[in-house]
Amino acid sequence: MLINYKNANIYHKDGDTVLRGVNFHVDEGEFIYLIGRVGSGKSSLLKTIYCEMDIDEADEALVLGFDLLSLRRKQIPELRRKMGIIFQDLQLLSDRSVYHNLLFVLKATGWRDKNDINGRIDEVLEQVGMTDKKDRMPHELSGGEQQHINIARALLNSPKLIVADEPTASLDNETAENIIRLLREISLQGTAVILTTHNRSLLNKYPGIVYRCNEQMLDDVTNDYNHMQLSEEELDD
């Protein structure tokens, strides 16, 4: 099990409750959607996974073998290196090419051999279909192309887990579908993917496990969704 939360409570810094009694489990290769209205706790749940928000109360809170209840700040970079994170805002470094964006990540995570670095960059760009964009600057890429590069960046260190916060935000429907298809293919290769979304059509085309944040609770609604019992309002972001 890659993630195991048992009866976890998540709070804002001011002490207000975000989610309570969270039971959330992730295994290798699972494809998981988080749905819910704006402010319902989807992004906050993701932030606890990569330790941007703390879990102070839980029976258990494990992520990739790390106990979040006793995790020290100096251990957080090591935990984050074991996962890929795709942020809602693209966050590519604007002053350097695609190649140098990926090079920056590899060097920052301990890669030193030039041949290994170049080989890995070529591998991930091929995996996301962006080999011909290696020397482009971010401003020369469309939003969808930039998001493909973000996914390539998340794959660099062969993570067991990818966390994606609204990876299709501001993308047209066709591009959004391409992004979800790519993430689904990655999950089928054994890397678990957790993503937030409000796009119901994508859930229909690329089914997975569905959790809903609502009224400070997290519920597994996969079976309900399969029987088409969720309304558009419940999915609205």
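**Ground rules.** I number residues from 1 along each chain as its sequence is written, and my side-chain values use heavy atoms, without hydrogens and water. As the model is predicted, I ask for pLDDT of at least 70 for local features and 80 or more for side-chain atom pairs, while totals for chains, interfaces and linings use all residues.

**Entry 1: the sheet.** I looked up the strand order first. The sheet is open, has 4 strands and runs E2-E1-E4-E5 with antiparallel pairing. Strand E2 (17-26) and strand E5 (66-67) are the edges; each has a single partner strand, so one side of each lacks a neighbour in the sheet. Two strands pair if DSSP finds at least two bridges between them. I then checked E1 (residues 3-11) against E4 (residues 60-63): 4 bridges join these antiparallel strands. Tyr 5 has Ala 61 in E4 as its bridge partner.

Entry 2: Which strands does H1 lie across? I find H1 across E1, E2 and E4, at about 120° to E1. Axes are lines fitted to C-alpha atoms, for helices over the stretch in contact, and angles run from 0 to 180 degrees between N-to-C directions. Thr 48 belongs to this helix, H1 (residues 42-49). Is Thr 48 buried or exposed? Thr 48 counts as buried because its relative accessibility is 0%. The classes are buried under 20% relative accessible area, exposed over 50% and partly exposed in between (1.4 Å probe, protein chains only). I left aside neighbours within four places in sequence and listed the contacts of Thr 48: Tyr 5, Ile 10, Met 53, Asp 54, Ile 55 and Leu 68. Contact means heavy atoms within 4.5 Å.

**Entry 3: H4 against H5.** Two packed helices are described by the angle between their axes and the distance between the axes. H4 and H5 (residues 143-155) pack at about 135°, with axes 9 Å apart. They are therefore oblique to each other. For angles, under 35 degrees is roughly parallel, over 145 roughly antiparallel, 65 to 115 roughly perpendicular, and the rest oblique. From H4, Arg 120, Val 124, Leu 125 and Gln 127 meet Ile 149, Ala 152 and Leu 155 of H5.

**Entry 4: salt bridges.** How many salt bridges does the whole structure hold? My search finds 7. The criterion is a side-chain nitrogen of Lys or Arg within 4 Å of a carboxyl oxygen of Asp or Glu.

- Arg 120 pairs with Glu 123, with closest N and O atoms 2.9 Å apart. Both lie in H4 (residues 114-127), 3 residues apart, about one turn of the helix. Arg 120 is buried at 13%, and Glu 123 is partly exposed at 44%.
- Lys 205 pairs with Glu 177, also with closest N and O atoms 2.9 Å apart. This pair links distant parts of the chain, Lys 205 in H7 (residues 200-205) and Glu 177 in H6 (residues 173-188), 28 residues apart. Glu 177 counts as buried at 18%. I also note a salt-bridge network of Glu 177, Arg 181 and Lys 205.
- Asp 95 and Arg 96 meet at 3.1 Å, N to O. Asp 95 is exposed at 55%, whereas Arg 96 is partly exposed at 27%.

Note on methods. Helix = DSSP H or I, 4+ residues; strand = E, 2+ residues; numbered from the N terminus.
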